[in-house]
Amino acid sequence: MYKIVKKRYFTESVIEYVIEAPLVTRRCLPGQFVILRVDGDGERIPLTIADYDRERGLVTVLVQSVGYSTMKLAQKNQGDFVEDFAGPLGGHTDLSGFKSVLLVAGGIGSAVILPQAKNRRGAGFRTDAVLGARTAALLPYEDELRTAADNLVVVTDDGSTGGKGFVTDAVKRLIESGRKYDAALAVGSMPMMRAVSELTKIYGIYTLVSMNTIMVDGTGMCGCCRLTVGGEVKYACVDGPEFDGHAVDFDEAINRAAFYKHTERAHICRLTAAAK
Ligand SMILES: Cc1cc2nc3c(=O)[nH]c(=O)nc-3n(C[C@H](O)[C@H](O)[C@H](O)COP(=O)(O)OP(=O)(O)OC[C@H]3O[C@@H](n4cnc5c(N)ncnc54)[C@H](O)[C@@H]3O)c2cc1C
Ligand code: FES
């Protein structure tokens with residue numbers, strides 16, 4: 001069992017948890033993830049390691065409540081326990097070979113780019129960041145990114161804060177203003193990552209994307225997270241989760257991600273029903 005030592009709300013449905021997991025912090029690195037089970041009957045949900053404190057054995061995750069398990073997790077409070085917290089899983093992200101990097105996040109994608117920005121700042125590399133969301137309330141870690149990145153551009157679809165528009169508009173403006181990037185990392189919904197990859201391809205900027213496929217075991221055995229990258233079969237949990245965005249077959253990945261949508265929608269959630 002793993003103790004929730006802190007719970008912080010960004011919005012009703014975007015919540016940060018700090019969890020005591022010393023075995024995870026012993027070896028984890030930015031870009032890796034954990035698989036959490038809320039209770040003994042729980043589904044396994046993959047979550048990015050947004051931050052960690054090795055000395056105190058604490059791992060931070062940022063969770064958006066979108067369905068059954070993430071809503072069940074939202075009912076847990078500081079001092080409560082979750083059943084499993086397995087990790088670190090997947091490969092870590094290493095952008096240290098690139099002098100100038102652009103990090104791009106949609107909504108809770110900020111949980112993936114924040115540790116990269118902090119890491120790069122610590123190593124003295126230049127990093128710009130773009131953070132976008134539908135509206136101002138859905139921009140977690142904006143303050144933290146402003147501190148960690150050399151330059152942060154915020155955009156919202158409705159213009160409630162920052163510039164009005166999509167992250168691709170901001171990326172295009174930065175590049176066309178003369179900023180030079182050796183690499184980019186884009187993290188968000190699959191359509192967003194595809195759009196950023198299509199744009200950076202035009203400018204010849206190597207781009208990593210973090211593939212949030214459906215996962216079950218997280219160890220390369222079940223095949224759920226299969227995707228095609230550069231014509232080869234890959235498994236997001238062990239070969240990723242980050243891949244070259246210019247080589248990912250996004251059409252296939254988006255179709256596979258939607259495979260259980262009908263079942264998830266048809267499921268009448270007792271947790272949501274109780275909240276009404
Ligand atoms: C490597 C990795 C890292 C992730 N990191 C985070 C994170 O840091 N924070 C976070 O909130 N979420 C993260 N996710 C997504 C998260 O695992 C899912 O949102 C969660 O498993 C949904 O479970 P649920 O039972 O609440 O929703 P479900 O009832 O299973 O699904 C509800 C809706 O969410 C969609 N969905 C289900 N699984 C995913 C998925 N993997 N990605 C996108 N949409 C999905 C379904 O199609 C459905 O529309 C990550 C996924 C991966 C693969
Ligand atoms: S989640 Fe099972 S193979 Fe990747």
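Two residues are taken to be in contact if their C-beta atoms, placed from the backbone, lie within 7 Å. The legends below describe close-up views of a predicted model.

**View 1. Helices α5 and α6 pack against each other in a right-handed crossing.** On the α5 side the residues that meet α6 are Val-167, Thr-168, Val-171, Lys-172 and Ile-175, and their partners in α6 are Met-192, Ala-195, Val-196, Leu-199 and Tyr-203. Helix α5 covers residues 167–176 and helix α6 covers residues 190–203, and their axes lie 10 Å apart at an angle of about 20°. Angles under 35 degrees count as roughly parallel, and α5 and α6 are therefore roughly parallel to each other.

**View 2. Helix α6 also packs with helix α8, which spans residues 250–257.** The axes of these two helices come within 10 Å and cross at roughly 170°, so that α6 and α8 are roughly antiparallel to each other. From α6 the contact draws on Met-190, Pro-191 and Arg-194, while α8 provides Phe-250, Ala-253, Ile-254 and Ala-257.

**View 3. The largest nonpolar core contains 80 residues.** Within this core, Val-34, Val-61, Leu-103 and Val-104 are the residues that touch the most other members. Domain 1 (2–89) and domain 2 (100–257) both contribute residues, and the core therefore lies between them. In soluble globular proteins, nonpolar side chains tend to be buried together. For Leu-103, the contacts other than neighbours within four places in sequence are Ile-113, Gln-116, Ala-117, Thr-127, Ala-129, Ala-149 and Leu-185.

**View 4. Tyr-52 is a buried residue in strand β5.** The strand itself runs over residues 51–53, and Tyr-52 counts as buried because 22 C-beta neighbours lie inside 10 Å, where 20 or more are required. When residues up to four places away in sequence are not counted, Tyr-52 touches Thr-25, Cys-28, Leu-58, Val-59 and Thr-60.

**View 5. Cis peptide bonds join Gly-87 to Pro-88 and Gly-240 to Pro-241.** In the bond between Gly-87 and Pro-88, omega is about 0°, and Pro-88 belongs to strand β8, which covers residues 84–89. In the bond between Gly-240 and Pro-241, omega is about 10°, and Pro-241 is placed in the loop between α7 (236–239) and β17 (242–244).

**View 6. Tyr-141, a residue other than glycine, has a positive phi value.** Its phi is near 70°, and Tyr-141 sits in the loop that runs between β10 (126–133) and α4 (142–148). Although it is in a loop, Tyr-141 is buried, because 24 other C-beta atoms are found within 10 Å.

**View 7. Gly-79 is an exposed residue in the loop between α2 and β7.** Gly-79 and Arg-146 are 67 residues apart in sequence, and from C-alpha to C-alpha they are 30 Å apart in space.

Notes: Residues are numbered from 1 along each chain as its sequence is written. Chains are lettered from A and ligands numbered from 1 in the order in which they are written. A nonpolar core is a set of buried Ala, Val, Leu, Ile, Met, Phe, Trp, Tyr and Cys residues joined through C-beta atoms within 7 Å. A residue is buried if 20 or more other C-beta atoms lie within 10 Å of its own, exposed if 12 or fewer, and partly exposed in between; C-beta atoms are placed from the backbone. Domain bounds come from an automatic or database domain assignment. Axes are lines fitted to C-alpha atoms, for helices over the stretch in contact, and angles run from 0 to 180 degrees between N-to-C directions. Helices (H or I, at least four residues) and strands (E, at least two) are DSSP runs, numbered from the N terminus. Angles under 35 degrees count as roughly parallel, over 145 as roughly antiparallel, 65 to 115 as roughly perpendicular and the rest as oblique. A crossing is left-handed if the near helix is turned anticlockwise from the far one by less than a right angle, and right-handed if clockwise.
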